[in-house]
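This briefing is meant for a reader meeting the structure for the first time. It begins with the sheet, then turns to the helices and to one residue looked at in detail.

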Amino acid sequence: MVDAQQTDAQEYGLDRDCTTLSRHVLQQLQNFSAEAQDLSALMNRIALAGKIIARRLSRAGLMEGVLGFTGDINVQGESVKKMDVYANDVFISVFKQSGLVCRLASEEMEKPYYIPENCPIGRYTLLYDPIDGSSNTDNNLSLGSIFAIRQQEGEDVDGTASDLLQSGRKQIAAGYILYGPSTMLVYSIGKGVHSFTLDPSLGEFILSDENIQIPNHGPVYSVNEGNFWQWDDSFREYIRYVHRTEGYTARYGGAMVGDIHRVLVQGGVFLYPGTIKQPEGKLRLLYESAPLAFLIEQAGGRASTGNQEILDVVPEKLHQRTPLIIGSKDDVALVESFIQKQAKEQSENMMERSRVPQ
Ligand code: P6P
């Protein structure tokens, strides 16, 4: 005799196993319009790309030609890993015949990839970082893919994709795939943040957490302290503060997706400030910081350059970089307070100097 409670649990379990990503998107939108169907299909293609990349990573150590460098330097001036190229090609292959997109803009490609005329063309653009944290590929550590979806605006007649040079508020969906002990896909279409875990036995991403909210404050600060003397003093002052204050813990994995996922779950802040050599910072705006900012804002957090909300920054070029402070709103505000304090002191010093008789 199966009791009612066991039946409920069984039904809940079955229902959850059937909550795939594409179904969840339609549930979120509560309609089956053409746009809703497109968004559901777009997320499904991203899930397919994630499954293909996860499969490659899980067997990388057993295969020839998967790990290591290609010997090329990409548009970012960084040495290219074989996984960077493979993952970039996966997204192109998955979307090329989808009829959903017209372009793909990637960290790995100087110019966007335009869907060939002999393929069905859609009205969306996928912006992505195919492998985030590729320095981790050869160490079997966590990696990520970051994605954002925007609608094409106007006609991209000169092939410069200038309509992409708009603020992150134009994103209609964004998220990341985290290749860790399990493969997770975390996304938002502007209706909260939801996570899915890949069930290899089903070959499906299954809903694992809905409406994720980031704590207003958390213990984690995630930054590469090896750059300490390269930063503006305001960031050094913030680090000195967390060093001497109880309740903070440093975590830095070298792959932003994993570090920001930890901040999303536990609370805290991830920061990649500008340095003397690179005042604009290392991270790219359109396909790294803006998608993550979209997601973290949807979870109740914040993302800032230090002086401006990331989602309000209007880029001047496709591969524009930005400083990034992202995570719990109280922790982002605390970092900003050190920047504002220093700016105030500098302004007062200048006023003082202007008052001293020459
Ligand atoms: P560093 C990976 O290349 C990346 O873009 C982020 O994923 C990561 O947080 C950062 O760069 C690591 O950079 O200078 O600390 O090695």
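The model has an open sheet of eight strands in the order 4-3-5-6-7-8-9-10, with mixed pairing, where two strands pair if DSSP finds at least two bridges between them. Strand 4 (113-114) and strand 10 (204-209) stand at the edges with a single partner strand each, so one side of each has no neighbour in the sheet. This is a predicted model, in which local features need pLDDT of at least 70 and side-chain atom pairs count only at pLDDT 80 or more, while totals for chains, interfaces and linings use all residues. Residues are numbered from 1 along each chain as its sequence is written, and side-chain values use heavy atoms, with hydrogens and water left out.

**Strands and sheet**
- Helices (H or I, at least four residues) and strands (E, at least two) are DSSP runs, numbered from the N terminus.
- Strand 3 (residues 101-106) and strand 5 (residues 124-132) run parallel and are joined by five bridges, and T125 in strand 5 is the bridge partner of R103.
- Helix 2 (residues 21-29) packs on the sheet, touching strand 8 (183-188), strand 9 (194-199) and strand 10, and its direction makes about 20° with that of strand 8; contact means heavy atoms within 4.5 Å.

**Helix 2 with helix 3**
- The axes of helix 2 and helix 3 (residues 34-58) come within 8 Å and cross at roughly 150°, with axes being lines fitted to C-alpha atoms, for helices over the stretch in contact, and angles running from 0 to 180 degrees between N-to-C directions.
- Helix 2 and helix 3 are therefore roughly antiparallel to each other, a term for angles over 145 degrees.
- Helix 2 contributes L21, S22, V25, L26 and L29 to the contact, and helix 3 contributes A36, Q37, L39, S40, M43, N44 and A47.

**Helix 3 with helix 4**
- The axes of helix 3 and helix 4 (residues 82-96) come within 9 Å and cross at roughly 145°.
- Residues of helix 3 including L42, I46, A49 and I53 meet residues of helix 4, among them M83, Y86, V90 and F95.

**A174 in strand 7**
- A174 lies in strand 7 (residues 173-179) and is buried, with a relative accessible area of 1%, where buried means under 20% (1.4 Å probe, protein chains only).
- A174 touches F147, A148, V186, Y187, S188, P291, F294 and L295, not counting residues up to four places away in sequence.
- A174 and V186 are 12 residues apart in sequence and 8.6 Å apart in space, C-alpha to C-alpha.

Key
Parallel < 35°, antiparallel > 145°, perpendicular 65-115°, else oblique. Buried < 20%, exposed > 50% of the residue type's maximum accessible area, 1.4 Å probe, protein only.
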